[in-house]
Amino acid sequence: MSALDPIVNQPIHPVLPTTSTESVTLLVHYYRGEIGRALSWRDRIDRTTNWAITVVAAMLSISFSTPTTHHGILIFSMALIMLILAIESRRYRFYDVYRNRLRRMERYYIAAAFASGAEINSEWSNIMADDLRNPHLSISFNQAVAHRLRRNYIWIFLVLLAAWLFKTAYLKVPSTAGDPGSVHTATQWVEGLALGPIPGGVVLVGVFTFYAWLTFAMFRHSRLTGEFASESIHV
């Protein structure tokens, strides 16, 4: 409902800017608002990355605190980091919406204002208006996963893989009480990968299948869409 004028008790309808000063004021306030929303979602992305790093640090500390700690905790860490990656990818999709709007304004309006003799292409404002009337996510979930993998998470997963290989290849957790023994053969290594009733061979195939999928997912969508499709400076 429209607001009411307290004097004449008539509805107050918002008016469009009629002068260049009013238009610039509108753009300034809108730009500041979009920056606020973009920074808010950027902060959420940073939080999930911090969660992932904290989880990995904690799990590595637990895993290597004693030789008898089971390697399954590192596999659990991989699953947990995958969950955090899914959360961050969803957040990144929303962040990308506001970031694209900001870059559109910077590229077509603010850059023209700084360049002497430059002309403003009005097409960008029509695209912006359509986006505001019918907002939509610019990239798919799979694209967001691929981008976050390339930026941060593939390194986290590689750290977990290296720790898991070192844990399973260097120390063998015995099925009975006693000190762990060293792994001397490939057969011993595969046998030591067992997780309860799951044979070690199945675990090994599962882990390397998971990492093969990560590699495929990371390079499946190697290019972004939107305002950042042709740029190399992005997060």
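1. Let's start with helix H6, where Gly-200, Val-203, Leu-204, Val-207, Tyr-211, Leu-214, Ala-217 and Met-218 are buried (under 20% relative accessible area, with a 1.4 Å probe and protein chains only). Down the axis of H6, these buried residues fall within an arc of 160°, so they line one face of the helix. An α-helix has 3.6 residues a turn, so residues three or four places apart point the same way.

2. Before going on, please note that this is a predicted model, in which local features need pLDDT of at least 70 and side-chain atom pairs count only at pLDDT 80 or more, while totals for chains, interfaces and linings use all residues. Residues are numbered from 1 along each chain as its sequence is written, and side-chain values use heavy atoms, leaving out hydrogens and water.

3. Next, look at H1 (residues 20-63) and H2 (residues 72-114), whose axes come within 9 Å and cross at roughly 165°. The two are therefore roughly antiparallel (an angle over 145 degrees, on a scale from 0 to 180). Their contact has 30 nonpolar, four polar and nine charged residues.

4. H2 also meets H4 (residues 141-170): here too the axes come within 9 Å and cross at roughly 165°. That makes H2 roughly antiparallel to H4. In this contact the residues divide into 20 nonpolar, four polar and five charged.

Conventions
Helix = DSSP H or I, 4+ residues; strand = E, 2+ residues; numbered from the N terminus. Parallel < 35°, antiparallel > 145°, perpendicular 65-115°, else oblique. Nonpolar A, V, L, I, M, F, W, Y, C, P; charged D, E, K, R; others polar. Buried < 20%, exposed > 50% of the residue type's maximum accessible area, 1.4 Å probe, protein only. Arc of directions from axis to C-beta.
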